[in-house]
Amino acid sequence: MTTSDIEARIKAYVDERLPDYQAAARDIHARPETSNHEYFACGRLSELLVNEGFQVDVDVAGHPTGFAAYFKSGRPGPVVCFLAEYDALAGLGHGCGHNLFGATSCLAGAALAQVIRETGGEVRVYGTPGEEGGENGSAKGSFVREGFFKDVDAALCVHPGGDTANRPTSKSLGCAPVDIEFHGRASHAASAPEKGVNALDAVIQVYNGTNALRQHLPGDVRIHGIITHGGDAPNIVPEYAAAKFYLRAATAPVLEDVWKKVERIVEGAGLMTGAKGTMKPSQNRVENTVLTPKFDEVWCRRMEELGEPVNREPREAAGSSDVGNVSQVIPTIQPHIAITDVPVRGHSEEFKAAACSAKGLASVGIGAKALALTALDLILDPKLLAAVKADHAEHLNQQAEEAARAL
């Protein structure tokens, strides 16, 4: 069988099975679920993969709604992994298009599995809950920590985009979500305020302290937070107060430095007020994305062969994604595929509508073909895979150098 024959089989299989995966995307859109509660989405996608002949394990890496699907060729060769997301935003639903994301990755894996016995190697699909954060959120960090990528050669996925252009992977910021709590002592706020220890005062000192810290941080750092509990009644000195913050930075060493600075602010607020404070991670830490341009270029070429133009203009890092955790250990891409003809903001009602539009659903087939063909190129061309791995290693070194300069 020639390479052209193999590619034709992949494309034909995507076309054949596309209606089933679009139906899954619509069903998941209609039943949005948040981190570690995506039981319907996990079941819907994992059932599709079971029917495709994958061995599927559910409840993995400490996530009841995570799954790991394997399709082995029985012949030596690279291991490629498609990453699937399917969580929704609390209170909004699928305003980030993860209903499309999960369906696209699963269809890409299913299509590549049709030819893997001829090419050799192994296809995997990892279902990773809670990319948006939340209860035990950012599951890719758990998958990395538990060794799910130790024998994987490359990982890939594509994210729905709202700026009307298909784009290669862009940088993202690392993010450390933290819970900050203070415990004081309640007392009557009018008759015996001197007997109380005001936990809310301590939280406010932290809030103000982080505001003052901002002017002394590198330009890529972001700190933003909310007070989640400030007391129970105005006439009672608050004995408990809490806040939730996100600390973001372009590299892991800088993010760790920011963590230590905020930790000292919490300690200082406790000393000032007498309240006892704690600062703890509220979920997995999200790492920044390490780019592998040679890997992205394979995807760009495949998209263009499918008749889909790609805007290669680089974009500045803005938000965060736990795909960054995977990119810290193996070559990883997460390009963007357009799902709308007019620009829409992420995490909005307009994006949610686009995620179940005709163009959004059509992106499942386009994305699956481009991802499967990109992975096929790595499997069939050992020199290309070696070049991608070398490019990844080079960018990891560059990151370390940039972080050293920032510190």
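Which residues does N99 touch, not counting residues up to four places away in sequence? This tour begins there. The structure is a predicted model, in which local features need pLDDT of at least 70 and side-chain atom pairs count only at pLDDT 80 or more, while totals for chains, interfaces and linings use all residues. Residues are numbered from 1 along each chain as its sequence is written, and side-chain values use heavy atoms, with hydrogens and water left out.

**First stop: N99**

Select N99, which is placed in helix α3 (residues 98–113). Helices here are DSSP runs of H or I with at least four residues, numbered from the N terminus. Contact means heavy atoms within 4.5 Å, and N99 touches A25, I28, H29, H94 and A355, leaving aside residues up to four places away in sequence. N99 counts as buried because its relative accessibility is 0%; buried means under 20% relative accessible area, exposed over 50%, and partly exposed in between, with a 1.4 Å probe and protein chains only. A polar atom of the N99 side chain lies 3.2 Å from the backbone oxygen of A25.

**Second stop: α1 and α2**

Next, select helix α1 (residues 3–30) and helix α2 (residues 39–51), whose axes come within 10 Å and cross at roughly 170°. Axes are lines fitted to C-alpha atoms, for helices over the stretch in contact, and angles run from 0 to 180 degrees between N-to-C directions. The two helices α1 and α2 are therefore roughly antiparallel to each other; angles under 35 degrees count as roughly parallel, over 145 as roughly antiparallel, 65 to 115 as roughly perpendicular and the rest as oblique. From α1, the contact is made by R17, D20, Y21, A23, A24, D27 and I28, and from α2 by F40, A41, R44, L45 and L48.

Move to K140 in helix α5 (residues 139–145). Is K140 buried or exposed? With 0% relative accessibility, K140 counts as buried. Its side chain makes a polar contact with the side chain of T128 at 3.2 Å. A polar contact is a pair of N or O atoms within 3.5 Å; within protein, one must be able to donate a hydrogen and the other to accept it, and residues adjacent in sequence count only if both atoms are side-chain atoms. Among the residues that K140 touches are L83, E85, D322 and N325.

Now display helix α11 (residues 358–380) with helix α12 (residues 382–406); their axes come within 5 Å and cross at roughly 105°. They are therefore roughly perpendicular to each other. At this crossing, D377, L378 and L380 in α11 meet P382, L384, L385 and V388 in α12.

Consider α11 by itself: 18 of its 23 residues are buried, so α11 is largely enclosed by the rest of the structure.

**Last stop: along α12**

At the start of α12, a side-chain oxygen of D381 reaches to within 3.1 Å of the backbone nitrogen of K383. Then select the buried residues of α12, which are L385, V388, D391, H392, H395, Q399 and A403. These pack against α7 (252–273), α8 (293–305), α9 (323–327) and α11.

Finish at A404, also found in α12. A404 is exposed, with a relative accessible area of 55%.
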